[in-house]
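Here is my note on the model, point by point. Please read it with the structure open.

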Amino acid sequence: MEYKVLQRDAPEYPQKLITRLNRDAPERIYYHGPLELLDIFTMGVISADSITGFGLMTTNQLLFTIREYDVNYIGSAFSVMETEIFRLGLWRSKQDVTLFSSKGLEKESFESYLKTRFYPPMHEFPERDEYFRRAEENELLMLSIVDPDITRMTRKNIIQRNYIACMLSDVVFIPFAEKGTKTLTLAKRLVSTGVPLFTTDCEENKELHNLGIPGLTRENVGEFLEKLGDRLSDPERERPKRIDPPPPAADQERTLEPPMIQMSLWES
């Protein structure tokens, strides 16, 4: 993949990183795509892969409201809930997605980014065409903070990637975390940084609530975002119409998405 290098002393370097991390900000950021996406209200998303059914349901309730706001989602898009929110950002024409790889951009590509996140039969997810349309039209931003020739995702790189993604965010949404997860460890680290955080009011998120992270609902998450500077999407801002995949033939085998996730997040 072709990429550009952003030095820490460059005027385009994200000021949130300088303000929050000072000289601990990454010396170089490697990127491909429109860097100006980071100027949009950016929401970091981190979630444990062990999310419960009730945790997923309460997350979907918040997303009914969040999807109506200008949001650039940023994160690794690795866990089940993270990939669902990644898909939501692709499905909503007024929202954006920033990809953050823990591999080097000389080795990473838009194709390889998906391969490590959507295994068959989920690799043919409905928003796939929109993903590649945005990539082709230079509407997707991909970031990395590791040397371009790094081919493996190491634990160290993953932890640092997740932390920097949150530091680039105006707010961080943590749908789920419990004892023993890397997500809870990161949440504890983030609390001390002053970055705005929120989760759901799900009882199973008590470990996050005990850290002082507010548990929000569908009714009050919009007010929370607006206090941080977000706003409802402009109805005039539209991307080209999404290309929906053709319906399967009558004799063609279908793979169904989990109905609760599909209906809760994407039904208009």
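**Notes on the predicted model**

1. The largest cavity has a volume of about 90 Å³. A cavity is a set of points, on a 1 Å grid over the protein atoms alone, where a 1.4 Å probe fits but cannot get out. Points are joined across faces, edges and corners, and the volume is the space filled by probe spheres set on them. The structure holds one cavity of 30 Å³ or more.

2. A word on the basis. This is a predicted model, with local features needing pLDDT of at least 70 and side-chain atom pairs counting only at pLDDT 80 or more, while totals for chains, interfaces and linings use all residues. Residues are numbered from 1 along each chain as its sequence is written, and side-chain values use heavy atoms, with hydrogens and water left out.

3. What lines the largest cavity? There are 13 lining residues, each with an atom within 4 Å of a point. Ile-74, Gly-75, Ala-77, Glu-82 and Phe-86 lie nearest the centre. Strand 4 (72–75), helix 3 (80–91) and strand 5 (96–100) each supply at least two lining residues. Helices (H or I, at least four residues) and strands (E, at least two) are DSSP runs, numbered from the N terminus. The lining has nine nonpolar, three polar and one charged residues. Here Ala, Val, Leu, Ile, Met, Phe, Trp, Tyr, Cys and Pro count as nonpolar, Asp, Glu, Lys and Arg as charged, and the others, Gly among them, as polar.

4. A search of the whole structure finds eight aromatic pairs. Rings of Phe, Tyr and Trp (its six-membered ring) pair if their centres lie within 6.5 Å; planes under 30 degrees apart are stacked, over 60 edge-to-face, and the rest tilted. Tyr-3 and Tyr-30 form an edge-to-face pair, 6.0 Å centre to centre with 80 degrees between the planes. Tyr-3 lies in the segment before strand 1 (4–7) and Tyr-30 in strand 2, so the pair ties together parts 27 residues apart in sequence. Phe-86 and Phe-118 form a tilted pair, 6.0 Å centre to centre with 35 degrees between the planes. Phe-86 is in helix 3 and Phe-118 in the loop between helix 4 and helix 5, so this pair ties together parts 32 residues apart in sequence. Ring pairs link Phe-86, Phe-110, Phe-118, Phe-125, Tyr-131 and Phe-132 into a cluster.

5. Now burial. Buried means under 20% relative accessible area, exposed over 50%, and partly exposed in between (1.4 Å probe, protein chains only). Phe-86 and Phe-118 are both buried. Tyr-30 is buried at 6%, whereas Tyr-3 is partly exposed at 29%.

6. Two arginines meet rings. The charged end of Arg-189 sits over the ring of Tyr-163, 3.5 Å from its centre. That of Arg-218 sits over the ring of Phe-64, 4.2 Å from its centre. The rule asks for NZ of Lys or CZ of Arg within 6 Å of the ring centre and within 35 degrees of the ring normal.

7. Check the backbone here. A cis peptide bond joins Pro-120 and Pro-121, with omega about 5 degrees. Pro-121 is in the loop between helix 4 (110–115) and helix 5 (128–136). Asn-22 has a positive phi, near 55 degrees, and is partly exposed at 49%.

8. How many disulfides are there? The count is zero, taking a disulfide as a pair of cysteine sulfur atoms within 2.5 Å. Cys-166 is buried at 1%, and Cys-202 is buried at 0%.

Methods. 1 Å grid on protein atoms, 1.4 Å probe; cavity = no way out; pocket = protein on both sides within 12 Å on 5 of 7 lines; lining within 4 Å.
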